[in-house]
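The following note is intended for a colleague who is meeting this structure for the first time. Its points proceed from the whole chain to individual residues.

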Amino acid sequence: MSLRKAYEPYFKIGVAISRKDMDTPKHLELVKGEFNSFTCENEMKPMFLLDYETISRDPVKYDRCPVITLDRVRKYLDFARDNHIPLRGHTLVWHNQTPFWFFHENYDEKAPLADKETMLARLRGYIRAVLTAVQAEYPGVIYAWDVVNEAVDEGGFRPRSLWQEIVGEEFIFAAFETAREYAEPGVLLFYNDYTTYEHWKRDFIVAHILKPLLDRGLIDGMGMQSHLLMDEPELDDYRLALETYGALGLVIHATELDIHNNDASDQSMQALADRYAKLFEIYLDAKTQRKANVDCVTFWCLLDEESWLTGFRRETSYPLLFHGDCEPKAAYDSVLAVAQKYNP
């Protein structure tokens, strides 16, 4: 029994994969065997899709209609299409991993920042170009997009964001308007953020992003990134946030799930397994009791050795379900067991 088969009655099980995974046949076999959704860890972020070589040759021509290229992401799109594994697009609009030159006049970092009107045009042009290109060449492959990523921080809209600085929060609504206009029918549009279980952040996102977008018919889902620790958050807070977003009628994706753990001992790995089990019980309870329409849970990276957390936390992390030569850990067994014994 695989993860995808065990959870098929409830929701998709996804994973973020990297270029290394794409070049490692055994990793791809693991993806095909265990998962029925995947996300590009990096290659669908703006810095990899914007075609600077073309833009820089004639910045005036492309001032408000940036050019994109699918060269870096084509392997992933081919893999999704050829193996019938749907792909989550991550991410269209983000303050990070968007080149600084994109925010400047004539796409020149030495020039002043572009004005609001220009940046709104570039935002709309970029989203239009990405969706049009992907859907023309790979129709039906991408089933959901993180339209805007991490727009909230420090008690409100993220202050240290060039999107916020130049455009203000209007960029969020312009992004969703454009995505709704150009996305294929049935493609789900998400707002995605981290620590979405914090009370202030949950309430701010609901009041200032989700409800206004829902009122305009522009959003389908909430992405809860879910980078967790062994001792926080309290899972009751996580459950409450999940159900709060679910009560809005939104589709819920846990988009970037991992649990940081710097102790590789058997005892600690069993504790990790237990925490994963409790988390998946929350997902299943919410789904089956109709408290939240959980549609996909995506692990952020395939193996412990590939996890971004080791660099981010500056200590070796063992946060996932597989390690080494694609070997399952105790956490894999515990997540599988929750689905197998669950009585809805």
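## Note on the structure

1. The accessible surface of the protein comes to about 14,200 Å², and 47% of that surface belongs to carbon and sulfur atoms. Accessible areas come from the Shrake-Rupley method with a 1.4 Å probe, and for residues only the protein chains shown count as cover.

2. As to provenance, this is a predicted model, in which local features need pLDDT of at least 70 and side-chain atom pairs count only at pLDDT 80 or more, while totals for chains, interfaces and linings use all residues. Residues are numbered from 1 along each chain as its sequence is written, and side-chain values use heavy atoms, with hydrogens and water left out.

3. The protein contains 14 helices and 13 strands (DSSP runs, H or I of at least four residues for helices and E of at least two for strands, numbered from the N terminus). Along the principal axes, its C-alpha trace spans about 60 × 45 × 40 Å.

4. Of the 344 residues in the protein, 60% are buried, that is, under 20% relative accessible area, whereas exposed means over 50% and partly exposed lies in between (1.4 Å probe, protein chains only). Among contacts with a separation of 6 or more, 76% join residues 24 or more positions apart; a contact means heavy atoms within 4.5 Å.

5. The largest nonpolar core has 123 residues, and those with the most contacts inside it are Tyr7, Tyr191, Tyr276, Phe280 and Tyr283. Helix 12 (residues 266–288) supplies the largest share of this core, with 11 residues. Such a core is a set of buried Ala, Val, Leu, Ile, Met, Phe, Trp, Tyr and Cys residues joined through side-chain atoms within 4.5 Å. A second, separate core of 6 residues includes Tyr143, Ala144, Leu188 and Val251.

6. Glu315 is found in the loop between helix 13 (309–313) and strand 12 (322–323), and is partly exposed at a relative accessible area of 31%. Its C-alpha atom is separated by 6.8 Å from that of Asn262, although the two are 53 residues apart along the chain. Leaving aside neighbours within four places in sequence, Glu315 is in contact with His260, Asn262, Leu309 and Thr310.

7. Gln135 lies in helix 7 (residues 116–137) and is buried, with a relative accessible area of 15%. Beyond its neighbours within four places in sequence, Gln135 is in contact with Tyr182, Ala183 and Glu184.
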